[in-house]
Amino acid sequence: MSEPTLHRALSLPSLVLYGLGTIIGAGVYALMGEVAGQAGMLAPLSFLLASVLAGSSALSLAELSSRIPKAAGEAAYVREGFGRNSLALVIGGMVVLAGIVSASTIVNGFVGYFQDLVPLPRPVAILIFVFLLGFIAAVGVRLSVGVAIVITLIEVGGLAVIIFTGWDKIPNFPTMWAERPPGLDWLTITGVGTGALLAFYAFIGFEDMVNMAEEVKNPEQTLPRAIMITLAVTALLYVTLALVSVSSLAPETLAIADAPMTAVFEANTSNNGSIISVISILAMLNGALVQVIMGTRVIYGLAAQGTLPKTLGRVNHGTKTPIIATILVTLVVLALALIGNIGSLAQVTSFITLIIFATVNLALIRIKLRSPRPQGVTTFPIWVPWL
């Protein structure tokens, strides 16, 4: 009897919604104020610049996912580019570590909000929440991605509501610009650049999509399209949201707001913004779930490629999911979340992500030099990975 494999259940629409869920998380709901504090009225420009910065690596991953449609994508790309299993294992380990630390950090943030609603002891709340994530991830890709898609629609809906309620404030933008016109001095340029670097992390997440390659229908064509559509939709949402935000409230007000998106909603509707806070909590749930799913697929991919023990990549006959990998990731997330004091690890995650991106782009350059335009593969000019 042959070993079961992952179930190819994801089409282009479902993958795009999954991708939006990996990118549009709780971060943007809190990040807008910090970007506005740095860039002022030019906050929309910071988000636009960030989308260009993220776009270069997104296009590189789109091409690589078309060339090598495998789980543990980044590790597979590095192995193909450099021909070294040891380097592939290091990169794969970095991807899993970044995902686990991110999920653990999100769990701690979620539990803080949850305790305001239900007075459970912190360890009990963490235990329940993490095992719920593990259960959803283990039951099957249709359920886990389905849950992520439902919450993604709620998240995007929340951003759309904020944009809709503040749309009539956009004509205020020229007036507010005239009151505090940004110059072309070094301080303004630095503010826009710093804002772009902050906003860049609101775009991180498209790299998680490539690790679903073995559960995607026609991945050679579907994955590149999904990555490009996801990035374009996210950029449009973020830039419009930033324009609405700085047209509704002064950048200094946004910068000191504990919940800037809630503040914008309340300013434009005169209603209580608790619904936006609830959406932020759901965004945290979605972010943690996506990281758990991604981590298990990377471990599965490394095991399937012979870099990790085969046992870790074993797929359950009933659920068609890598159960052992899911249990392992869930337990590590639980341990880190219970420790709680992982702020320094969370900061290192950003650095790890940049190392992964740099190595993957170098791998693509080497691959393109060997095989510039293979048939049936989505390709981009070689200056994209160099950029």
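Helix 14, which covers residues 274-304, has 31 residues and reaches 45 Å from its first C-alpha to its last, close to the 45 Å expected at 1.5 Å a residue, where the expected span is 1.5 Å times one less than the number of residues. Helices here (H or I, at least four residues) and strands (E, at least two) are DSSP runs, numbered from the N terminus. Most of helix 14 is covered, with 25 of its 31 residues buried, a word that stands for under 20% relative accessible area, while exposed stands for over 50% and partly exposed lies in between (1.4 Å probe, protein chains only). Just after helix 14, G306 takes a positive phi of about 85°.

## Basis of the model

This is a predicted model, in which local features need pLDDT of at least 70 and side-chain atom pairs count only at pLDDT 80 or more, whereas totals for chains, interfaces and linings use all residues. Residues are numbered from 1 along each chain as its sequence is written, and side-chain values use heavy atoms, with hydrogens and water left out.

## The chain as a whole

The protein chain holds 17 helices and zero strands, and its C-alpha atoms fill a box of roughly 70 × 55 × 35 Å along the principal axes. Its radius of gyration is 21 Å, which agrees with the value near 21 Å for a compact globule of 387 residues; the radius is taken over C-alpha atoms, and the globule rule is 2.2 Å times the number of residues to the power 0.38.

Of the 387 residues, 54% count as buried. Among contacts (heavy atoms within 4.5 Å) with a separation of 6 or more, 81% are between residues 24 or more positions apart. The accessible surface, from the Shrake-Rupley method with a 1.4 Å probe, comes to about 16,200 Å², of which 68% belongs to carbon and sulfur atoms.

## Two buried threonines

T326 has its place in helix 15, residues 323-339, and is buried because its relative accessible area is 1%. When its neighbours within four places in sequence are left aside, T326 is in contact with G134, A137, A138 and T296.

T222 is found in helix 11, residues 219-248, and counts as buried because its relative accessible area is 10%. With its neighbours within four places in sequence again left aside, T222 is in contact with S11, L12, L15, V216 and K217.
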